[in-house]
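Here are some notes to go with the model you asked about. Have a look at the structure, then read the points in order.

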Amino acid sequence: MSENITVDYLTRVEGEGAFEIKIDLPGKIDSIRLKIFEPPRFFEGFMVGRKFDEATDIASRICGICSVSHQIASIGAVENAMGIEISEQTRKVRRLINIGEHIMNLTVHVYMLAAPDYLGYESIFAFKKEHLGLLERAFRLKKAGDFIIEVIGGRSTHPMSIVPAGMSKALTKEELDLIKKELKEVIEDAVQTARWVSALELPDFNRECEFISLVADKVYPLNEGSICSNNGLKFSPETYKENIEENRIITNHSHALRYKVKGRSSFSVGPLARVNLNFNKLSSLAKKLSGELGFKFPNFNPFYSIRARALEILHLVEEGIKLADEIEPGKFESSYEIRAGHGFACVCAPRGILYYEYKINKDGIVEYVDIVTPTACFAGNLEQDYWQYVPELLDLNKDELKFKCQMLARAYDPCFSCSVH
Amino acid sequence: MEKEKIKAALYKFGACAGCQLQILKLDEHILDLLKIVDFKYIVEYRSENIDDEYDIGFIEGAITCQEDIERLKFLKKRSKFLVALGACATYGGIIALKNWKNINDLLERVYENKEEVGTLDTAKPASDYVKIDESIYGCPPNKDDIVELFQSYWLGKTPSLSKHAVCVECKAKDNLCLLVHKELPCMGSVTRAGCGAAGPSVGRPCYGCRGPVSEANVLPLMEIFIKLGLSKEDVVRKFKSYASCNSAFEKAVRGYL
């Protein structure tokens, strides 16, 4: 007797995805398919022939939720290709706008996409009075993140001030002070977030796998360091494709390309990977709180990612305050020449490592672009998780099994639009 | 309140999901909005999505595969009032850049087995397939426009959405005119306002992501850009960006080529 367990349209994740589990005999799984039916948009195709100074604005449109990450990665690859050096000032301002996006993203995931499952709601729209306080906390944190992006970039989705060699707008002292003020007001909310996630009963699931993230010498990485793993990988963006294998043969009309570590298997990226590999770079308050709350890193339970997100939110709020202090108002970009080149960049987007590669000709025209998004990276790993997790759930009724499977997908916080682009 | 809430649905098509995110940008005001709106179908934010008759159906994204044509028609049938939300739904957006390329080239760049890929040759705005009742422009659209739409529907009046050019917003903010004073190729004079002149306010010439203002005088602006030193290819690229489908920008580009 065989049975099909399907969820036709995964909810509370970004983009179009589904899963289908075929069970042959009780207990024997025939196949598990994570099907990403998001229609392809062909960014890597239509960006060819566009100019280097608009590439980043175009690439931003791959994702409305992590537009800043795409811009940071894209501008990094453009500047790498054309040999453009940026000032320390620019580096800090870009890190600050990036921090704003991470705070916003991680908060939206914890409270709006994941929390309903733990509280027994189908969405935040259904929250009853006793849980509105949580939503208010979420809005405060999210607003602080959005505010940073808006002040620096003009608007919080597809901001506009990241340009080759610098930023199009210099920050004033008033703006930096406002950013500091907004962040200081949400430190306590970030602490409470960590306390709140510590009380959640996380589903019990453990599968050792390879985790990949940027790792840097002195900072918690957003756009610094090398690409590393818990299995000994350490490489820089230029050698991304020598280390990560891309599969351009798709099956079942599932439109995202698939990735694995060359010679090995699928891998995970995202907040859990980052904290697993960079715990000691978190702020002392975040580390102290983690210890007090009994968090254990490194951790191989994908559901544990919600705790990683909470620690990151706290760290990034604190770091944002420090950065806003360090940034000198008023100085910005350097000059540059248009020249041909082949450039690479890899940043930590909220959902994991994001890779950009450009070939630019002497007139500044893009001749080749390759983008590897975090969700495309971890889709294979999520599927591998299902192979181990679903057998553990076969005692549950069909609805409960589907629910737990959706929860696992949500723990990864997929962005299927990005994965296909 | 005795009046029944507005039943709303949002369908995502080929999109970056940035448009529907603007609803979340209302933050605590979402709770106010929920007093008059019931989002019955919005898959990214809800787990219980209900196929029903809706008062307002929102279209996010451009239509770029066969299944999405069917889904769009399905939404149209069930919506009293159909709204195209954002640049992709109104003018094709960035993803309509697909239309200016050969689909086989695009497929071959990404996939080894292109026969497995479900895609149309084009990415078109919803209005190519169904009649649209209202359009909210922008990449991203302004969350205030979304609120204005709901409030107007609730009050039974026409929504008040910007019809003037971005220049008005720059003037209101005392921005230095980038075209006149800095000789930068700013598209604000032909672009629909509603973003608060986001680009010029941070020193970036407007790149027209909200699409053309009505009666946009595009060709003369293109000539000005040439005088500023842009090449013909540069000028074409500028107008072949966020609103390259069924718009004054498309017309100007085709006339210019």
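The points below cover the contact between the chains, the pocket and the salt bridges.

1. Ground rules. This is a predicted model, so local features need pLDDT of at least 70 and side-chain atom pairs count only at pLDDT 80 or more, while totals for chains, interfaces and linings use all residues. Residues are numbered from 1 along each chain as its sequence is written, chains are lettered from A and ligands numbered from 1 in the order in which they are written, and side-chain values use heavy atoms, with hydrogens and water left out.

2. The interface. Chain A puts 71 residues into the contact and chain B puts in 64 residues (contact: heavy atoms within 4.5 Å). Together they bury about 5800 Å², 59% of it on carbon and sulfur atoms (buried area: accessible area, 1.4 Å probe, lost on putting the two parts together, summed over both). On the chain A side, A:Phe42, A:Phe125 and A:Arg248 supply 14% of the area buried against chain B, more than any other three residues.

3. Polar links across it. There are 43 residue pairs in polar contact between chain A and chain B, both at pLDDT 80 or more (a pair of N or O atoms within 3.5 Å; within protein, one must be able to donate a hydrogen and the other to accept it, and residues adjacent in sequence count only if both atoms are side-chain atoms). H5(A) gives the most to the side of chain A that touches chain B, with 8 residues (helices are DSSP runs of H or I, at least four residues, and strands are E runs of at least two, numbered from the N terminus).

4. Salt bridges between the chains. I'd look at these next: the count between chain A and chain B is 9 salt bridges (a side-chain nitrogen of Lys or Arg within 4 Å of a carboxyl oxygen of Asp or Glu). One of them joins the side chains of A:Lys51 and B:Asp234 at 3.1 Å, N to O.

5. A link within chain A. Over all chains the structure holds 49 salt bridges. Among them, A:Arg95 and A:Glu319 meet through their side chains at 2.7 Å, N to O. A:Arg95 lies in helix H4 of chain A and A:Glu319 in helix H11 (residues 305-326) of chain A, so this pair ties together parts that are 224 residues apart in sequence.

6. The lining of the largest pocket. Which element gives the largest share of this lining? H2(A) does, with 5 residues. Helices H8 (178-182), H9 (198-201) and H11 (232-239) of chain B each supply at least two residues as well.
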